[in-house]
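This briefing covers one protein model. Look through the sequence and the structure first, then read the points below.

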Amino acid sequence: EALPLLQTHGKPVCAATIRSGPGYLEVPFVATHESKRGRGYCRCMVEAIEAICKALDIKKIMLCSTDDISVKSTWQHLAFSFTTPKEMEEWDIPHSDMV
């Protein structure tokens, strides 16, 4: 697993864990330091991950999420949508592969 870091003044402010699967990239964890939230660091991290996917011709990014409304609203604000287990089956992504 890779752990990309986003730093400012040499100190990490945002990090993500990523895993690859056949045709998709899974991002089970993204975090921004509490004192740095709301400043676009998560957006910057997600855009960097999207750029990697484009360069590697990966069409899907799977984000793990809780049912917490603030987490869901963050992903929706970044233009991600929620999927169903049926859609994952149609994409040949076994739920057991997800963290």
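C14 is buried, with a relative accessible area of 3%; buried means under 20% relative accessible area, exposed over 50%, and partly exposed in between, with a 1.4 Å probe and protein chains only. The model is predicted: local features need pLDDT of at least 70 and side-chain atom pairs count only at pLDDT 80 or more, while totals for chains, interfaces and linings use all residues. Residues are numbered from 1 along each chain as its sequence is written, and side-chain values use heavy atoms, with hydrogens and water left out.

**Cysteines**

- A disulfide is a covalent bond between the sulfur atoms of two cysteines.
- The structure holds zero disulfides, counted as pairs of cysteine sulfur atoms within 2.5 Å.
- The cysteine sulfur closest to that of C14 belongs to C42 and lies 5.3 Å away, which is too far for a bond.
- C44 is in no disulfide either, as the nearest cysteine sulfur, that of C14, is 8.1 Å away.
- C44 counts as partly exposed, at 37% relative accessibility.

**Residue T32**

- T32 lies in strand β3 (residues 24-32); helices (H or I, at least four residues) and strands (E, at least two) are DSSP runs, numbered from the N terminus.
- T32 is buried, with a relative accessible area of 11%.
- Leaving out residues up to four places away in sequence, T32 touches V13, C14, R37, Y41 and C42, where contact means heavy atoms within 4.5 Å.

**Helix α1**

- Helix α1 (residues 41-55) has 15 residues, which should span 21 Å at 1.5 Å a residue, and its end C-alpha atoms are 21 Å apart, in agreement; the expected span is 1.5 Å times one less than the number of residues.
- The buried residues in α1 include Y41, C42, M45, V46, I49 and C53.
- These residues cover an arc of only 135° around the axis, so they sit on the same side of α1; the arc is that of the directions from the helix axis to the C-beta atoms.
- An α-helix has 3.6 residues a turn, so residues three or four places apart point the same way.
- K54 and A55, on the other side of α1, are exposed.

**Strand pairing**

- β3 pairs with strand β4 (residues 60-63) in the parallel sense over four bridges; two strands pair if DSSP finds at least two bridges between them.
- Y24 has K60 in β4 as its bridge partner.
- β3, α1 and β4 make a right-handed β-α-β unit: with the strands pointing away from the viewer, the path from the first strand over the helix to the second runs clockwise.
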